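Hi there,

Here is the structure I promised to pass on.

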Amino acid sequence: MMTHRLLNLLVGSLVASTAMCVHAQGLRLATPPPGASQIGVSQRPADYIVAVVNSEPITNHQVRQEIQRVARQLAQAQQPAPDARELASQALERLINDRAQLQLARESGIKIDEAAINEAEQTVARQNQLEMAEVFRRLAADGIERSQFRNQLRDQLLLTRLREREVNQKVRIAELEIDQYLLEQQKNQDDSAVLINIAHVLVALPDDANAAQIAVAQNKAQRVLERARLGEDFAALARQLSNAPDASAGGQLGLRRADRYPALFVEAMRDIPAGGLSVVQSGAGIHVLKVIEKRSSAMPATSVEQTRVSHILLRLSAELDEVSARDKLSDFRKRILAGQADFATLAKLNSHDASATQGGDLGWASAGQFVPEFEEVMNSLSPGQVSAPFTSRFGAHLIEVKERRSVQLSQREQREAVRALLREKKLEEAFLTWTRDLRGRAYVEMREPPG
């Protein structure tokens, strides 16, 4: 029987992606396709040290685990993997970067308490729609003890908090930058109406690159461009040659509005159709770009979709476990659908939330206002529908969508939206620069190559 295997905690900190918000997005239990664990992996030899990061070792076994994780992701995405040597090199570099960042987090006094790890465990279960006992059973079937699992969660939470402190909190957007952006939008309003997916191969350059280093990088980028023009698979080129963290994903940055990309990418690809190629230089290095997809967006930039929603919240406790809370909410739902009870009345009498006095009414909400697990259910409902019971980090919920509307953003809201867009762009480059600088300051001793 095919076992469920553990994938890494997805921390949104990749170059030029909307995940640059640097929020931990949860750890998913996934079923690998047949043969996935054999991609780029041979019979495990005796363990040994392959690298030392500031006196802390990285073992061959750890590299092999990272190789298997990446291989499973590629197989599930139906993407070809690079050759075993390149895959091992990428896995080792990822571990070196993570190790250096974890060391800095601990030296900086960042701590993760047990309550945060408990909540992360619950998030894993919710995202996989499993009870905690089933999560632990599947982990045990894969040879992963709960203590090991909790240590993985602790490390990923440490990385998230460090990146938020070292990168996110230091990026600021001046009012003048917002003014300039709005003026540019008035001159060219097409960017907000175009969705584009760009893939890139990054040839990295140091901050103080000299003319010779730039020339070498330009020659490498030109060779990548020529190979792509001759028909080689761009995703394979990215996995094999790119220095960006998204290399294992084929270099794709994701489908998004053009105005959410760095301006230099947009300018380089403005008149290039899907499938087209270009080369640009940024502070991170030289990028070979390819337009994967380009299409118009029907979403107006000056309006936002809002939902009016009510909920009944039952907080979990020693006296009220999750199963009992769900059963109680299921009974409420049956009574509401049968016309035997009113949602607002039940909320007033039973909800553990401050909104109980308003019959559970949470008012009008825009995207991003609630936690993801709540919004996912809310967005799946039509006006007038009542959800099945579900669990969030706050407890068990029953929700009812009252109505939806599209509203024009006020001038202040438009400026805040622009601020968020500009900040996202700055975060992309700031994260790359920070990662590269931290890697450069670390003492890294390469021992035997992974095998």
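Confidence in the chain is lowest in strand β1 (residues 5-6), with a mean of 34, and highest in helix α11 (residues 343-350), at 95. Those values are pLDDT, the predictor's confidence in each residue on a scale from 0 to 100. Helices (H or I, at least four residues) and strands (E, at least two) are DSSP runs, numbered from the N terminus. This is a predicted model, so local features need pLDDT of at least 70 and side-chain atom pairs count only at pLDDT 80 or more, while totals for chains, interfaces and linings use all residues. Residues are numbered from 1 along each chain as its sequence is written, and side-chain values use heavy atoms, with hydrogens and water left out.

Over the chain, the mean pLDDT is 81, and 85% of the residues reach 70 or more. Please be careful with residues 1-44, where pLDDT stays under 50. For that stretch the model has 126 contacts beyond four places in sequence, a contact being heavy atoms within 4.5 Å.

**Overall make-up**

The chain has 13 helices and 13 strands. Of its 451 residues, 46% count as buried; buried means under 20% relative accessible area, exposed over 50%, and partly exposed in between (1.4 Å probe, protein chains only). Among contacts between residues at least 6 apart in sequence, 72% join residues at least 24 apart.

Helix α8 (residues 234-241) has six of its eight residues buried, so it is largely enclosed by the rest of the structure. The buried ones are F234, A235, A236, L237, A238 and R239.

**The aromatic rings**

There are three aromatic pairs in the structure. Rings of Phe, Tyr and Trp (its six-membered ring) pair if their centres lie within 6.5 Å; planes under 30 degrees apart count as stacked, over 60 as edge-to-face and the rest as tilted. One of the pairs joins F370 and F374, and it is tilted because the planes stand at 55 degrees, with the ring centres 4.9 Å apart. F370 counts as buried at 17% relative accessibility, and F374 does so at 4%.

F374 also pairs with F390, this time edge-to-face, at 6.0 Å centre to centre and 65 degrees between the planes. F374 belongs to helix α12 (residues 372-379) and F390 to strand β11 (residues 390-392), so this pair ties together parts that are 16 residues apart in sequence. Both F374 and F390 are buried. Together, F370, F374 and F390 make up one aromatic cluster.

Two arginines sit over rings elsewhere. R256 lies over the face of Y261, 4.3 Å from the ring centre, and R405 lies over the face of W364, at 3.9 Å. For a charge to sit over a ring, NZ of Lys or CZ of Arg must be within 6 Å of the ring centre and within 35 degrees of the ring normal.

**How the helices pack**

Helix α2 (residues 84-107) and helix α13 (residues 411-441) pack at an angle of about 85 degrees, with their axes 10 Å apart. Axes are lines fitted to C-alpha atoms, for helices over the stretch in contact, and angles run from 0 to 180 degrees between N-to-C directions. Angles under 35 degrees count as roughly parallel, over 145 as roughly antiparallel, 65 to 115 as roughly perpendicular and the rest as oblique. α2 and α13 are therefore roughly perpendicular to each other. On the α2 side, E93, I96, N97, A100, Q101 and L104 meet W434, T435, L438 and R439 of α13.

D98 is also in α2, and at 11% relative accessibility D98 counts as buried. Leaving aside residues up to four places away in sequence, D98 touches L159 and R163.

Helix α3 (residues 114-127) packs against helix α5 (residues 146-166) at about 105 degrees, with the axes 10 Å apart. These two helices are therefore roughly perpendicular as well. The residues of α3 that meet α5 include E114, I117, N118 and E121, and those on the α5 side include R146, F149, R150 and L153.

**A loop to look at**

The loop between β3 (49-53) and β4 (56-59) holds N54, whose phi is near 50 degrees, a positive value in a residue other than glycine. N54 is partly exposed, with a relative accessible area of 33%. S55 lies in the loop between β3 and β4 too, with a positive phi of about 75 degrees although it is not a glycine. At 65% relative accessibility, S55 counts as exposed.

Best wishes
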